[in-house]
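This report goes through one protein model, region by region. Please keep the sequence and the structure open while reading.

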Amino acid sequence: MAQFVDWDLAAATAGALSKSGPAVSYDDAARVVSELRELTEEAAGHVAEYTGLTSQVEVSPVRVVDRRDWAKVNIVGLQQVINPLVTKLSGDKPPGAFAEAIGSRVTGVQAGTILAYLSGRVLGQYEVFSGDPGQLLLNAPNIVEVERKIDADPRDFRLWVCLHEVTHRTQFTAVPWMRGYFLGEVQAFVDASQGGEHMLERLRRGVATLSDALRDSESRVSVLDIVQTPAQKAVLDRLTALMTLLEGHAEFVMDGVGPEVIPTVESIRAKFNRRREGGNPLEKAVRRLLGIEVKMRQYAEGRKFVHGVVERVGMDGFNKIFESPLTLPWLDELGDPDAWVARVHGARPALD
């Protein structure tokens, strides 16, 4: 198969460019790791009680990582997506030894640059590409850095983050078909791509554009504009609806559980939202380019949808959303909870 990205070089670049974490002693770092593991277990109990969802498979322990480890894990995941896409676009025809060697190294540096940027922002993640059923990651340096920047109570903030990320783990482990459905949609996105060398070169230029934008605050390109075909747009609409639901559900749960177990949750939410919305012009440009702005909108839109459905049919009624892919919300239903309730429930059930 044509080597599109030198993944070893991408990992080395991400490691070299990743920002150093906040200053902590060895003992303090060990305590942070230990507490995040404990709070993950505590959060799991709260999430199960609040949502009524419990894991149907064996759940692996949380993996607390630093920025370099986060990048390494995601490189493995990216390989599961990028390699089949390149095969599809190139027809598995080698581009020539020189072009492959030089091009893959250039793209490796660019991919590593992007991952280095993201590794300094992500607080946690449920990574589903690298193995079944997935792996919960918590990025300890970023959690400590943010809690300091917003002057949050450390334990409260860490539990709040754990609630969000454990909800994502629950979504994929309590709903047996979720991971397969998600991976199937990603594969459908790959299958809908158009082959040809021009498209492969377009993909390569897209990675370069992402990398260059980290230094260009005037960039107006979106990551979704780079390699999207009409057929891919239909798949992307379904993926957008799914991710908006999952992000909104996690936001709803973390704030729903919060008041009972996190005394400072209202203050944390207010400060955290201000941080999300802030940033210098370069930060805002990069967030838009990498799709982070889209993800931020998903938090708000998804949370509003989940709140609207729970308000109408209760938590048990909302959980019908996880019965099958057919009960997932359509993209246009995310702004109209009544439409989803009417389609799935038929009529609005009366709440006790």
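## Asp 151 and its loop

Asp 151 is exposed, with a relative accessible area of 60%. Exposed here means over 50% relative accessible area, buried means under 20%, and partly exposed lies in between, with a 1.4 Å probe and protein chains only. Asp 151 sits in the loop between helix H5 (140–149) and helix H6 (154–173). Its phi is near 55 degrees, a positive value in a residue other than glycine. Helices (H or I, at least four residues) and strands (E, at least two) are DSSP runs, numbered from the N terminus.

## Basis of the model

The model is predicted: local features need pLDDT of at least 70, side-chain atom pairs count only at pLDDT 80 or more, and totals for chains, interfaces and linings use all residues. Residues are numbered from 1 along each chain as its sequence is written, and side-chain values use heavy atoms, with hydrogens and water left out.

## Overall make-up

The protein contains 13 helices and three strands. Of its 352 residues, 51% count as buried. A contact is defined as heavy atoms within 4.5 Å. Among contacts between residues at least 6 apart in sequence, 82% join residues at least 24 apart.

How much of E3 is covered? Four of its five residues are buried. In a regular strand the side chains alternate between the two faces of the sheet. Both faces of E2 are covered: Gly 124 and Tyr 126 are buried on one side, and Gln 125 and Glu 127 are buried on the other.

## A cis peptide bond and a cavity

The loop between E2 and E3 holds Pro 133. A cis peptide bond joins Asp 132 to Pro 133, with omega at about 10 degrees.

Pro 133 is also one of the residues lining the largest cavity. A cavity is a set of points, on a 1 Å grid over the protein atoms alone, where a 1.4 Å probe fits but cannot get out; lining residues have an atom within 4 Å of a point. Grid points are joined across faces, edges and corners, and a volume is the space filled by probe spheres set on the points. The structure holds one cavity of 30 Å³ or more, and the largest cavity has a volume of about 30 Å³. Its lining consists of Val 59, Ser 60, Tyr 126, Pro 133, Gly 134, Gln 135, Leu 136, Arg 169 and Thr 173. E3 and H6 each supply at least two residues of this lining. By class, the lining has four nonpolar, four polar and one charged residues. In this count Ala, Val, Leu, Ile, Met, Phe, Trp, Tyr, Cys and Pro are nonpolar, Asp, Glu, Lys and Arg are charged, and the others, Gly among them, are polar.

## Nonpolar cores

In soluble globular proteins, nonpolar side chains tend to be buried together. A nonpolar core is a set of buried Ala, Val, Leu, Ile, Met, Phe, Trp, Tyr and Cys residues joined through side-chain atoms within 4.5 Å. The largest core has 65 residues, of which Phe 157, Phe 318 and Phe 322 touch the most other members. Helix H9 (residues 230–261) gives the largest share of this core, 11 residues. A second, separate core of 14 residues includes Trp 7, Ala 14, Trp 70 and Leu 115.

Leaving out residues up to four places away in sequence, Phe 318 touches Leu 245, His 249, Val 306, Val 309, Val 310, Val 313 and Trp 340.

Ile 82 lies in helix H3 (residues 67–90) and is buried at 18% relative accessible area. Apart from neighbours within four places in sequence, Ile 82 is in contact with Phe 4, Val 5 and Trp 7. Ile 82 and Val 5 are 77 residues apart along the chain, and their C-alpha atoms are separated by 8.6 Å.

Glu 145 belongs to helix H5. Is Glu 145 buried or exposed? Glu 145 counts as buried because its relative accessibility is 16%. Residues up to four places away aside, Glu 145 touches Lys 19, Pro 22, Arg 67 and Gly 120.

Conventions:
1 Å grid on protein atoms, 1.4 Å probe; cavity = no way out; pocket = protein on both sides within 12 Å on 5 of 7 lines; lining within 4 Å.
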